[in-house]
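Here's a quick tour for anyone opening this structure for the first time.

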Amino acid sequence: MQKIKSTFTAPLLVLVIYVLLILSRYIKLESLQINDNVYLSMIILQLLIFIIPGVFYCKIRTENNTKSLRITKFSARKAWFVASCFGVLIFGSTLLNTATFYIFGSNDGYSVYNTFSPMGNDSWTNLIYIVITFAILPAVTEEFIFRGILLSEYSSYGVATAVFLSSAMFSMLHFNLNQFIVYFFCGVVTAYAVYITQSLFAAILLHFLNNLYAIFFESILWDVIKSPNSLIFFLFVIMTLFIVFLVLSFNGAENILYTAGIKGEESPPEAKKREGGIKLLFEALVSPSFLGCILVYLIATLVL
């Protein structure tokens with residue numbers, strides 16, 4: 001198994017996850033309730049769909065160890081960089097959401113994988129379960145797969161290929177054609193944070209904060225987006241903030257890389273220039289398992 005190219009095995013892992021997610025749509029969660037709590041069933045489903053296939057994959061692909069998956073904390077001096085990435089993530093996705101809203105004319109409520117949505121009352125217990133089910137768990141499980149395993153598996157194909165493919169498959173995971181570019185952008189930003197900090201926890205934190213924002217605050221911004229009277233000023237403010245945080249993130253990345261160079265820290269393998277980048281990207285794009293991911297995504301979004 002170890003001799004099989006990662007361009008086949010990595011998308012195959014994702015393909016399995018896609019199929020499991022689609023099949024989960026046909027499960028009546030009410031029939032699986034544990035102590036009358038449907039959230040516990042959703043938590044177990046997410047663990048079964050993501051963690052078990054991911055851990056199994058790591059076991060048979062022995063190069064996926066803690067170091068290659070970047071399962072290490074990021075230092076306090078990198079916290080400001082991660083904070084700036086969060087600004088880029090929020091304001092950039094807001095701009096893209098505004099564009100998609102006026103192009104496609106629809107705005108679905110927050111859900112995960114276009115299947116599960118928060119429900120129930122506003123009690124503290126319910127809110128805790130919502131945070132765990134829709135913010136914490138997706139952040140951990142998805143980042144483990146897409147910014148952990150996939151970035152590691154595609155590392156030999158260069159940064160651009162790894163970021164593009166992991167972001168594309170992450171975007172398809174949500175089975176929402178209208179929001180494809182938004183999820184793709186989020187994948188690029190979190191991958192950027194991982195490469196600069198060399199820590200998967202940076203992506204998990206960004207993903208978690210983004211989920212919290214989407215659950216509790218994004219609806220407020222949608223009210224503004226739908227109001228023509230304030231739209232121009234709103235877009236001006238959001239665009240300005242996006243540019244500011246983008247510049248701050250670039251500056252933070254430069255400082256981190258410069259400090260690493262001064263300390264003589266070894267550059268990560270993916271930082272080395274790859275020969276034949278376009279050829280390697282094409283090889284990854286025509287992989288049967290990656291094409292299978294695209295086919296399943298199109299069937300799930302256009303047919304099912």
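## Salt bridges and the rest of the picture

Counting up the salt bridges in this chain gives 3. Keep in mind that this is a predicted model.

**The salt bridges, one by one**

- Glu-283 pairs up with Lys-5, and their closest N and O atoms sit 3.0 Å apart. Glu-283 belongs to helix H10 (residues 277-285) while Lys-5 sits in the segment before helix H1 (6-24), so this pair ties together parts that are 278 residues apart in sequence.
- How covered are these two partners? Glu-283 has a relative accessible area of 25%, so it counts as partly exposed. Lys-5 is partly exposed as well, at 49% relative accessibility.
- Glu-153 and Arg-61 also join their side chains in a salt bridge, with an N to O distance of 3.1 Å. This one links distant parts of the chain too: Glu-153 is in helix H4 (residues 124-153), Arg-61 is in the loop between H2 and H3, and they are 92 residues apart.
- Is Glu-153 buried or exposed? Glu-153 counts as buried because its relative accessibility is 4%, and buried means under 20%. Arg-61 is buried too, with a relative accessible area of 3%.
- Arg-147 and Glu-143 make a salt bridge as well, with their closest N and O atoms 2.7 Å apart. Both residues lie in helix H4, 4 residues apart, which is about one turn of the helix.
- Arg-147 has a relative accessible area of 0%, so it is buried. Glu-143 also comes out at 0% relative accessibility and counts as buried.

**The chain as a whole**

- Reading from the N terminus, the elements go α-α-α-α-α-α-α-α-α-α-α.
- The chain has 304 residues, and 47% of them count as buried.
- Take the contacts in the chain with a separation of 6 or more: 83% of them are between residues 24 or more positions apart.
- What is the accessible surface made of? It comes to about 15,300 Å², and 70% of that belongs to carbon and sulfur atoms.
- Val-16 sits in helix H1 and is partly exposed, at 38% relative accessibility.

**How H6 and H7 cross**

- Two packed helices are described by the angle between their axes and the distance between the axes.
- For helix H6 (residues 180-197) and helix H7 (residues 200-216), the axes come within 7 Å and cross at roughly 150 degrees.
- Which residues make the contact? On the H6 side they are Thr-190, Ala-193, Val-194 and Thr-197, and on the H7 side Leu-200, Ala-202, Ala-203 and Leu-206.
- As for handedness, the crossing of H6 and H7 is right-handed.

**Two loop residues with positive phi**

- Gln-198 lies in the loop between H6 and H7. Its phi is positive, about 55 degrees, although Gln-198 is not a glycine.
- Gln-198 counts as partly exposed, at 25% relative accessibility.
- Arg-70 has a positive phi too, near 60 degrees, and it is likewise a residue other than glycine. You'll find Arg-70 in the loop between helix H2 (38-60) and helix H3 (79-104).
- Is Arg-70 buried or exposed? With a relative accessible area of 5%, Arg-70 is buried.

- Which residues form the nonpolar surface patch? Tyr-26, Leu-177, Leu-295, Leu-298, Ile-299, Leu-302, Val-303 and Leu-304 make it, and the patch covers about 820 Å².
- Ile-299, one of the patch residues, has its place in helix H11 (residues 288-302).
- Ile-299 has 38% relative accessibility, so it counts as partly exposed.

Terms used. Residues numbered from 1 in each chain as written. Predicted model: local features only at pLDDT ≥ 70, side-chain atom pairs only at ≥ 80, totals over all residues. Heavy atoms only, no water. Patch = residues over 30% accessible without salt bridge, like charges linked within 9 Å, V, L, I, M, F, W, Y side chains within 5 Å. Areas by Shrake-Rupley, 256 points an atom, 1.4 Å probe, with all protein chains shown as cover. Salt bridge = Lys/Arg side-chain N within 4 Å of Asp/Glu carboxyl O. Buried < 20%, exposed > 50% of the residue type's maximum accessible area, 1.4 Å probe, protein only. Axes fitted to C-alpha atoms, helices over the stretch in contact; angles between N-to-C directions. Left-handed = near helix turned anticlockwise from the far one by under 90°. Contact = heavy atoms within 4.5 Å.
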